[in-house]
Amino acid sequence: MVRPEDIQTYIQEGLPCDHIRIDGDGHHFEAVIVSAEFAGKSRVQRQQRVYLTIKDRLDSGEIHALSFKTFTPEEWEAQRG
């Protein structure tokens, strides 16, 4: 069974993250991902970038469902503000 820590590692291996938090029950996961790479990108482009880091695991069925929110470091600071 996939653990939240596993997904965190998968994403961090393919995307430099300033902050990442993954919660889940082994089947369904939720994530908050903060990366400077999201600057200037649309919401869809950000999602595509994250999905690239886990595509093989989604295709194989290892990860069933992942929902996430993406922020630039500046957006994250304003959100926490």
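**First stop: Ile 33**

Select Ile 33, which lies in strand β2; strands (E, at least two residues) and helices (H or I, at least four residues) are DSSP runs, numbered from the N terminus. The model is a predicted one, in which local features need pLDDT of at least 70 and side-chain atom pairs count only at pLDDT 80 or more, while totals for chains, interfaces and linings use all residues. Residues are numbered from 1 along each chain as its sequence is written, and side-chain values use heavy atoms, with hydrogens and water left out.

Is Ile 33 buried or exposed? Ile 33 counts as buried because its relative accessibility is 0%. The cut-offs are as follows: buried means under 20% relative accessible area, exposed means over 50%, and partly exposed lies in between (1.4 Å probe, protein chains only).

Now display what surrounds Ile 33. Leaving aside neighbours within four places in sequence, Ile 33 is in contact with Ile 11, Leu 15, Cys 17, His 19, Ile 20, Phe 38, Val 50, Phe 68, Lys 69, Thr 70 and Phe 71. Contact here means heavy atoms within 4.5 Å.

**Second stop: Ile 20**

From that list, select Ile 20, in strand β1 (residues 19–24). Ile 20 and Ile 33 are 13 residues apart in sequence, and their C-alpha atoms are 4.6 Å apart in space. Ile 20 also counts as buried, because its relative accessibility is 11%. Beyond four places in sequence, Ile 20 touches Gln 8, Ile 11, Gln 12, Val 32 and Ile 33. For another distance, draw a line from Ile 20 to Arg 49: the two are 29 residues apart in sequence and 14 Å apart, C-alpha to C-alpha.

Select helix α1 (residues 4–14), whose buried residues are Pro 4, Asp 6, Ile 7, Tyr 10 and Ile 11. Seen down the axis of α1, these buried residues fall within an arc of 160°, so they line one face of the helix; the arc is that of the directions from the helix axis to the C-beta atoms. What covers these buried residues? The cover includes β1, β2 (28–34), α2 (43–59) and β3 (65–71).

Return to the contacts of Ile 33 and select Thr 70. Thr 70 lies in strand β3 and counts as buried, because its relative accessibility is 14%. Apart from residues up to four places away in sequence, Thr 70 touches Ile 33, Phe 38, Arg 46, Val 50 and Glu 75.

Next, select Glu 75, in helix α3 (residues 73–80). Glu 75 is partly exposed, with a relative accessible area of 34%. With residues up to four places away not counted, Glu 75 touches Arg 46 and Thr 70. Glu 75 and Ala 36 are 39 residues apart along the chain, with their C-alpha atoms separated by 10.0 Å.

Select Glu 37, in the loop between β2 and α2. Glu 37 counts as partly exposed because its relative accessibility is 30%. Which residues does Glu 37 contact beyond four places in sequence? They are Leu 15, Pro 16 and Arg 49. Ser 67 is 30 residues from Glu 37 in sequence and 19 Å from it in space, C-alpha to C-alpha.

**Last stop: the whole chain**

Select the entire chain and colour it by secondary structure. The chain has three helices and three strands, and from the N terminus its elements run α-β-β-α-β-α. Along the principal axes, the C-alpha atoms fill a box of roughly 35 × 20 × 20 Å. The radius of gyration of the chain is 12 Å, which agrees with the value near 12 Å for a compact globule of 81 residues; this radius is taken over C-alpha atoms, and the globule rule is 2.2 Å times the number of residues to the power 0.38.

Buried residues account for 37% of the 81 residues. Of the contacts between residues at least 6 apart in sequence, 54% join residues at least 24 apart.
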